[in-house]
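Here are my notes for your first look at this model. Keep the structure open and check each point as you read.

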Amino acid sequence: MAAPRPEPQFLVRLAEDEADRLAAQRLRYAVFVEELGAAGAMVDHAARLERDRFDAFADHLILVDPARDAAALDHVVGVYRLMRSDQAQAAGQFYGADEYDLRPLLASGRRLLELGRSCVHPDYRGGAAMFHLWTALADYVEARGIEILFGVASFHGTDPQALAEPLSLLHHRHLAPPELRVRSRAFTPMDLMPEAAIDRRRAMLKVPALIKAYLRLGGFVGEGAFVDHAFNTTDVCLVMDTARLNARQAAIYRGNRA
């Protein structure tokens with residue numbers, strides 16, 4: 001019997017140069033385009049890069065496996081795109097502003113960070129990869145005094161009726177408070193079933209792992225879904241107020257560090 005593969009000696013850091021950014025975009029292509037069927041105006045199929053106009057303004061938090069070939073742009077195995085308010089101002093808006101009316105967040109006067117394009121290489125899912133990314137994200141948030149994290153997260157597919165039970169669960173159990181409740185611009189109702197008709201366990205099994213992770217941290221969802229036909233997804237906007245985290249949630253978010 002083959003010996004188990006040793007745990008990679010991960011490095012987590014912000015992208016430092018063009019090679020890092022291209023490797024992140026190549027991983028995004030493999031996940032979003034090849035695996036999930038996404039498309040976009042700036043997708044480069046010849047070079048196998050998934051990119052958009054916001055990449056030039058954002059920070060790219062990358063998970064690196066040093067055992068992989070950096071020269072072949074193969075070293076990035078996980079990524080988060082991070083955009084602070086000052087970066088969004090330079091870009092002209094946050095990425096999510098095309099899908100959601102973000103005025104409740106913008107009017108809050110608090111320090112915002114948009115999370116996006118999160119993905120992990122298929123070979124590294126189910127292990128420690130996401131833990132390393134989240135720990136580094138917590139450090140980034142703390143160092144910059146971020147108060148509210150938000151971002152669009154996706155269900156695969158563009159038929160909301162096929163997602164009626166999980167979307168309804170999110171609406172009834174996890175709707176953001178009014179002062180943080182962003183609203184979909186191309187409004188697709190999420191309250192597609194009465195709460196009493198929802199099988200909570202079955203519904204949660206249909207909720208993507210990343211969304212469930214945010215909910216465990218005390219995250220909320222905005223009002224209404226957004227069907228993104230180009231990305232072949234049905235999106236919800238997640239909002240997490242760091243001031244609302246209880247001690248247990250904060251420990252999870254910070255990687256169980258004091």
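At the start of α1, which backbone nitrogen does a side-chain oxygen of Asp17 reach?

1. **The start of α1.** The backbone nitrogen is that of Ala19, and the side-chain oxygen of Asp17 comes to within 3.3 Å of it. That falls under the term polar contact: a pair of N or O atoms within 3.5 Å, where within protein one must be able to donate a hydrogen and the other to accept it, and residues adjacent in sequence count only if both atoms are side-chain atoms.

2. **Ground rules.** This is a predicted model, in which local features need pLDDT of at least 70 and side-chain atom pairs count only at pLDDT 80 or more, while totals for chains, interfaces and linings use all residues. Residues are numbered from 1 along each chain as its sequence is written, and side-chain values use heavy atoms, with hydrogens and water left out. Helices (H or I, at least four residues) and strands (E, at least two) are DSSP runs, numbered from the N terminus.

3. Helix α1 covers residues 18-35, which is 18 residues. From first C-alpha to last it reaches 24 Å, close to the expected 26 Å. The expected span is 1.5 Å times one less than the number of residues. At Tyr29, α1 bends by about 30°. The bend is the angle between axes fitted to the seven residues ending there and the seven starting there. After α1 comes Gly37, with a positive phi near 80°.

4. **What α1 packs against.** The buried residues of α1 include Ala23, Leu27, Tyr29 and Phe32. Buried means under 20% relative accessible area, exposed over 50%, and partly exposed in between (1.4 Å probe, protein chains only). The buried residues of α1 pack against β1 (11-14), β2 (59-64), β3 (76-84) and β5 (112-120).

5. **Helix α4.** Why does the length of α4 agree with expectation? Its 15 residues (129-143) should span 21 Å, and the end C-alpha atoms are 22 Å apart. Buried residues here include Leu133, Trp134, Leu137 and Tyr140. The charged end of Arg144 sits over the ring of Tyr140, 3.8 Å from its centre. For this term, NZ of Lys or CZ of Arg must be within 6 Å of the ring centre and within 35 degrees of the ring normal. Gly145 follows α4, with a positive phi near 65°.

6. **Aromatic pairs.** How many aromatic pairs does the structure hold? There are five. Phe54 and Tyr95 form an edge-to-face pair, because their ring centres are 5.7 Å apart and their planes are at 85°. Rings of Phe, Tyr and Trp (its six-membered ring) pair if their centres lie within 6.5 Å; planes under 30 degrees apart count as stacked, over 60 as edge-to-face and the rest as tilted. Phe54 lies in the loop between α1 and β2, and Tyr95 in the loop between α2 (85-91) and β4 (100-101), so the pair ties together parts 41 residues apart in sequence. Phe54 is buried at 4%. Tyr95, at 19%, also counts as buried. The charged end of Arg53 sits over the ring of Phe54, 4.3 Å from its centre.

7. **Gln87.** Buried or exposed? Gln87, in helix α2, is buried, with a relative accessible area of 7%. Its side chain reaches the backbone oxygen of Phe57 at 3.3 Å. Leaving aside neighbours within four places in sequence, Gln87 is in contact (heavy atoms within 4.5 Å) with Phe57, Ala58, Asp59, Leu82 and Tyr140.
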